[in-house]
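Here is my note on the model you sent. Please read it with the coordinates open.

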Amino acid sequence: MSRISIRTRLAAVATGTAVTAVLALTGASSATAATPHTAKATTKTAAVKPCTGATTKVTAAKVSRPINHLLLTAKNTSRATCYAYYAPALRFDEAQSATQVIEDSVPQAVVTLEPGQSAYASVLLSGDRGKAEAHGHIAKKLDVFFMPRATGQGSVGPAAHPALPKNTYTDDDARVSYWQSTAALALVW
């Protein structure tokens with residue numbers, strides 16, 4: 001076999017090209033060819049999981065602008081990457097249903113959180129209706145649930161329970177944005 005054929009064969013094997021290319025260069029048939037050099041790649045990709053209350057620290061802070069808003073921050077405190085899918089499902093006090101989602105706030109991509117990174121969501125606490133009409137009250141506690149990749153399957157993992165700022169007023173008109181990659185993007189909503 002010439003030097004060019006040996007180099008070509010070694011290059012083909014090193015770059016992981018198909019066995020048939022090696023066979024064609026060497027003139028061997030598939031029945032007689034040994035294929036120890038074409039072993040499967042050994043790299044394993046870890047499955048990226050949804051963020052949960054167990055893998056994040058969630059805080060809730062009042063903001064000066066826009067008015068009647070909270071900013072939720074979910075910081076990945078684990079050693080693994082997680083995804084902040086969709087919008088958080090929020091329950092103020094003992095509400096029977098989750099806070100409605102601002103559907104126009106869908107980001108261009110799912111927010112991926114490397115360890116130490118944060119995702120943000122804004123919460124519009126109340127609307128224009130009066131206190132009695134919209135069933136407003138001062139909320140004492142907040143549960144933040146995280147969503148799985150597949151819709152319609154409920155939440156994943158334990159909820160987060162951030163402390164609410166003092167005198168957080170909310171009503172039936174409350175809305176929450178999707179998770180965003182920056183606070184500025186979240187506060188647009």
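Predicted model: local features only at pLDDT ≥ 70, side-chain atom pairs only at ≥ 80, totals over all residues.

1. Local features are discussed only where pLDDT is at least 70.

2. **Salt bridges.** The count comes to 2 salt bridges. One joins the side chains of aspartate 143 and arginine 91. The other joins glutamate 94 and lysine 141.

3. **Aspartate 143 and arginine 91.** The N to O distance here is 2.9 Å. Aspartate 143 sits in strand S9, residues 142-147, and arginine 91 in strand S4, residues 82-92, so the bridge ties together parts 52 residues apart in sequence. Arginine 91 is at 29% and counts as partly exposed.

4. **Glutamate 94 and lysine 141.** The closest N and O atoms of this pair are 3.2 Å apart. Both residues lie in loops. Glutamate 94 is in the loop between S4 and strand S5 (100-101). Lysine 141 is in the loop between strand S8 (137-139) and S9. The pair links distant parts of the chain, 47 residues apart. Glutamate 94 has a relative accessible area of 58%, over the 50% cut-off, so this residue counts as exposed. Lysine 141, at 37%, is partly exposed.

5. **Tyrosine 86.** This residue also deserves a look. Tyrosine 86 lies in strand S4. Its relative accessible area is 31%, so tyrosine 86 falls in the partly exposed class. Which residues does tyrosine 86 contact, leaving aside neighbours within four places in sequence? They are Met147, Pro148, Arg149, Thr151, Tyr178 and Trp179. With arginine 149 there is a specific approach: the tyrosine 86 side chain reaches the backbone oxygen of that residue at 2.7 Å.

6. **A spacing to check.** Tyrosine 86 and serine 105 are 19 residues apart along the chain. Their C-alpha atoms are separated by 9.6 Å.

7. **The largest pocket.** Its volume is about 230 Å³. The lining has 13 residues. Which of them are closest to the centre? Those are Ala95, Ser97, Thr99, Asp171 and Asp172. By class, the lining holds 4 nonpolar, 6 polar and 3 charged residues.

Definitions and conventions:
Residues numbered from 1 in each chain as written. Heavy atoms only, no water. 1 Å grid on protein atoms, 1.4 Å probe; cavity = no way out; pocket = protein on both sides within 12 Å on 5 of 7 lines; lining within 4 Å. Points joined across faces, edges and corners; volume = space filled by probe spheres on them. Nonpolar A, V, L, I, M, F, W, Y, C, P; charged D, E, K, R; others polar. Salt bridge = Lys/Arg side-chain N within 4 Å of Asp/Glu carboxyl O. Helix = DSSP H or I, 4+ residues; strand = E, 2+ residues; numbered from the N terminus. Buried < 20%, exposed > 50% of the residue type's maximum accessible area, 1.4 Å probe, protein only. Contact = heavy atoms within 4.5 Å. Polar contact = N/O pair within 3.5 Å; in protein donor to acceptor, adjacent residues only side chain to side chain.
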